[in-house]
Amino acid sequence: MRANGELDCKVPLDRDGPVHETAWSPNSEEFVVVYGFMPAKATIFSAAKCEPKYQLGAGPHNTVRWNPFGRFICLAGFGNLPGDMKFFDRKTDGKWKLVGETRAACSVTAEW
C-alpha cells in the first residue's frame, strides 16, 4: 500500500510455509519475498501490481539484502542455516544473473 492509500492487493505466494523476510528495493518499484518451507523460494514482485517479476530460485535462505543502488541482491541463510550467500546482478534486460556464491559459517546477519 502506498502512503496515499491507493494500492490494495494480496501478494501471490506459490508455496506454503512462513514468510522469512521481505525487502523493498531502494527505488521502491519492487520488493523481494523469501518464503516457504525449506528450501525457501525467493521472488521479486512489482510494487505497482504485486505481480511476480522474477524468480531467484530456492535454497537455504532466510535473509535478503539489496545493495544501496538496487542493482545487486544478496540471498543468504543465517542463524540456524549454514550461512550460504548468493549474489545476483540486475542485467540491462531486467533479468537477474547469479554472479557469486560463498559460505559465511556461523553468521547471523550481513549488510552492504
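Colleague: Cys-106 first. Buried or exposed?
Modeller: Exposed, because its relative accessibility is 80%. The cut-offs: exposed is over 50% relative accessible area, buried is under 20%, and partly exposed is in between, with a 1.4 Å probe and protein chains only. Bear in mind that this is a predicted model: local features need pLDDT of at least 70, side-chain atom pairs count only at pLDDT 80 or more, and totals for chains, interfaces and linings use all residues. Residues are numbered from 1 along each chain as its sequence is written, and side-chain values use heavy atoms, with hydrogens and water left out.

Colleague: And Cys-74, buried or exposed?
Modeller: Cys-74 is buried, at 4% relative accessible area.

Colleague: Switching to the fold. How many helices and strands?
Modeller: Zero helices and eight strands. These are DSSP runs numbered from the N terminus: H or I for helices, at least four residues, and E for strands, at least two. Along the sequence the pattern reads β-β-β-β-β-β-β-β.

Colleague: What order do the strands take in the open sheet of four?
Modeller: β5-β6-β7-β8, with antiparallel pairing. Two strands pair if DSSP finds at least two bridges between them.

Colleague: Which ones stand at the edges?
Modeller: β5 (63–66) and β8 (96–103). Each has a single partner strand, so one side of each has no neighbour in the sheet. Neighbouring strands here are turned by 20 degrees against each other on average, direction ignored. For that, axes are lines fitted to C-alpha atoms (for helices, over the stretch in contact), and angles run from 0 to 180 degrees between N-to-C directions.

Colleague: How many bridges between β5 and β6?
Modeller: Four, in the antiparallel sense, with β6 covering residues 72–76. Val-64 has Leu-75 of β6 as its bridge partner.

Colleague: Where does His-61 sit?
Modeller: In the loop between β4 (52–59) and β5. His-61 is buried, at 1% relative accessibility.

Colleague: What does His-61 touch?
Modeller: Leaving out residues up to four places away in sequence, its contacts include His-20, Met-38, Leu-75 and Lys-86. Contact means heavy atoms within 4.5 Å.

Colleague: Now Lys-41. Buried or exposed?
Modeller: Buried, at 17% relative accessible area. Lys-41 lies in strand β3 (residues 40–46). Beyond four places in sequence, Lys-41 touches residues including Asp-14, Tyr-35 and Gln-55. The C-alpha atoms of Lys-41 and Leu-13 are separated by 9.4 Å, and the two are 28 residues apart along the chain.

Colleague: What share of the residues is buried?
Modeller: 38% of the 112.
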